[in-house]
Amino acid sequence: MIVNWMFRADYFLLSWGYAMKESFFLSVRAVVPMFLLVITGYTLRRINLIKAEIIKPINKLVFSVFLTSNLIKSLISADLSTSFSWQLSVYIVMAHLVMLIGLWWVVPRYIREKKRAGSFIQCVYRSNCVLIGFSICANLFGTAGASTMALNLAIMVPFYNIFSVILLTYFAGSDAEGGLSFSAVLKSIVTNPLIISSFVGILLSAFQIRLPEIIQEPLFDLA
């Protein structure tokens, strides 16, 4: 009986060790490529190949051109029937809502200054799914993961924009200029490059529209 229990314990430890090893290497494979990119950027900045004054336009270029191209590329090759999961989309939205409501209730009890409280809540609940989440999904699950994430970005980006405006306007209190402008929120959504590219990619994929090679090739190079 003792031998039997020892065998089970050894089997459990071996299985647990193997699972931990697999999880570790999976995490490394997902995170290290992004970490190396950050180190590369930091090194280029330290040796002055990247100047401080060009960082802002580079960020705008990445957001407006490269990320949008990547989203379209991911969605063009996606099978919407398998990539989209309404259960996952509902889970993502509900998880963010629960976290936002909880922070809205807890944070003002510890940060008395309303503007600081609003900024703190936004920094906590507004995840960096566009850069970090999208990259991790692509690194872990390839084209399928990138496609699923791209579809959910079409939901999450408007969610972030709407609730950020509501949150910051509420906590700005009497100092808010003009109050909550729904027209401004709507404009920020319909003119957002990520939203536009997501819907373009979804339409191309849904109606199986193939871009001419002369357009698709440079688009994929930008991605």
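Biologist: Why are helix 6 and helix 8 called roughly perpendicular to each other?

Modeller: In this predicted model, helix 6 (residues 129-172) and helix 8 (residues 193-206) pack at an angle of about 110 degrees. Angles of 65 to 115 degrees count as roughly perpendicular, under 35 as roughly parallel, over 145 as roughly antiparallel and the rest as oblique. So the pair is roughly perpendicular. Their axes are 9 Å apart. Axes are lines fitted to C-alpha atoms, for helices over the stretch in contact, and angles run from 0 to 180 degrees between N-to-C directions.

Biologist: Which residues make the contact?

Modeller: Helix 6 brings Val130, Ala150, Leu151, Leu153, Ala154, Val157 and Pro158. Helix 8 brings Leu194, Ile195, Ser198 and Ile202. Contact means heavy atoms within 4.5 Å. These residues divide into 10 nonpolar, one polar and no charged. (Nonpolar: Ala, Val, Leu, Ile, Met, Phe, Trp, Tyr, Cys and Pro; charged: Asp, Glu, Lys and Arg; polar: the others, Gly among them.)

Biologist: What angle do helix 4 and helix 6 make?

Modeller: Helix 4 (residues 86-110) packs on helix 6 at about 20 degrees, with the axes 10 Å apart. That angle is why helix 4 is roughly parallel to helix 6.

Biologist: Which residues of helix 4 and helix 6 meet?

Modeller: On helix 4, they include Leu88, Ile92, His96 and Trp104. On helix 6, Thr148, Asn152, Phe159 and Tyr170 are among them. The contact divides into 16 nonpolar, four polar and no charged residues.

Biologist: How many helices and strands are there in the chain?

Modeller: The chain has nine helices and zero strands. Helices (H or I, at least four residues) and strands (E, at least two) are DSSP runs, numbered from the N terminus.

Biologist: What makes serine 74 buried?

Modeller: Its relative accessible area is 6%. Buried means under 20%, exposed over 50%, partly exposed in between, with a 1.4 Å probe and protein chains only. So serine 74 is buried. Serine 74 lies in helix 2 (residues 52-76). Leaving aside neighbours within four places in sequence, serine 74 is in contact with Phe134, Ala146, Ser147 and Ala150. Ala150 also belongs to the contact of helix 6 with helix 8.

Biologist: Why does serine 69 count as buried?

Modeller: Serine 69 has 4% relative accessibility, so it counts as buried. Serine 69 is also in helix 2. Beyond residues up to four places away, serine 69 touches Leu219, Leu222 and Ala223.

Biologist: Why does asparagine 48 count as partly exposed?

Modeller: Its relative accessibility is 43%, so partly exposed is the class. Asparagine 48 lies in the loop between helix 1 (2-46) and helix 2. Asparagine 48 has a positive phi of about 65 degrees although it is not a glycine.

Biologist: Is glutamine 208 buried or exposed, and why?

Modeller: At 71% relative accessibility, glutamine 208 counts as exposed. Glutamine 208 sits in the loop between helix 8 and helix 9 (213-222). Its phi is positive too, near 50 degrees.

Biologist: What percentage of the chain is buried?

Modeller: Buried residues make up 27% of the 223 residues.

Biologist: What are the ground rules?

Modeller: Residues are numbered from 1 along each chain as its sequence is written, and side-chain values use heavy atoms, without hydrogens and water. Local features need pLDDT of at least 70 and side-chain atom pairs count only at pLDDT 80 or more, while totals for chains, interfaces and linings use all residues.
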